Amino acid sequence: MSIKEAVVWFNQHYDESRKTGDTKNNFYCGITCDLERRANEHNASFICHTKCDTFDTAQELEKQLHAQGYDTGDKVGNGQENSIYVYMYRKIKGVTIE
């Protein structure tokens, strides 16, 4: 899947998961090398995630999702060379950790 196709795919999951009044900023997107560990650290259930071919591709996808309006934290493109998974979850006040 190309980066452009992945952005469309994330947007489809956003459309299916959002509630009245939600904006893309109500959803957090990030990159990781370990989905299970990251879900536990965020105290979140991922709505969707995808595996990229390279760290550079994962960084670019995260940057594109940031440009779409999703919350990507303070450091877009942060991670390690083996961070090839891009994920998204709906932020829940008092539950998830961004």
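Which strands does helix α2 (residues 35-42) lie across? Helix α2 lies across β1, β2 and β3, and runs at about 30° to β3. The model is predicted, so to speak of local features takes pLDDT of at least 70, side-chain atom pairs count only at pLDDT 80 or more, and totals for chains, interfaces and linings use all residues. Residues are numbered from 1 along each chain as its sequence is written, and side-chain values use heavy atoms, with hydrogens and water left out.

Some terms come next. Helices (H or I, at least four residues) and strands (E, at least two) are DSSP runs, numbered from the N terminus. Two strands pair if DSSP finds at least two bridges between them. Axes are lines fitted to C-alpha atoms, for helices over the stretch in contact, and angles run from 0 to 180 degrees between N-to-C directions.

Start with the sheet. It is open, has 3 strands in the order β1-β3-β2, and its pairing is antiparallel. β1 (27-32) and β2 stand at the edges with a single partner strand each, so one side of each has no neighbour in the sheet. Neighbouring strands are turned by 15° against each other on average, direction ignored.

Now take strand β2, residues 48-51. It pairs with strand β3 (residues 85-90) in the antiparallel sense over 4 bridges. H49 has Y87 of β3 as its bridge partner. C48 stands opposite M88 in β3. The covered face of β2 holds C48 and T50. H49 and K51 are on the uncovered face.

Helix α1 (residues 3-17) also lies across β1, β2 and β3. Its direction is about 165° to β2.

Helix α3 covers residues 55-68, 14 residues in all. From its first C-alpha to its last it reaches 20 Å, close to the 20 Å expected at 1.5 Å a residue. That expected span is 1.5 Å times one less than the number of residues. In α3, F55, A58, Q59, L61, E62 and L65 are buried. Buried means under 20% relative accessible area, exposed over 50%, and partly exposed in between (1.4 Å probe, protein chains only). Seen down the axis of α3, the buried residues fall within an arc of 165°, so they line one face of the helix. The arc is that of the directions from the helix axis to the C-beta atoms. What covers these buried residues includes α1, β1, β2 and β3; contact means heavy atoms within 4.5 Å. On the other side of α3, D56 and A67 are exposed. Just after α3, G69 takes a positive phi of about 115°.
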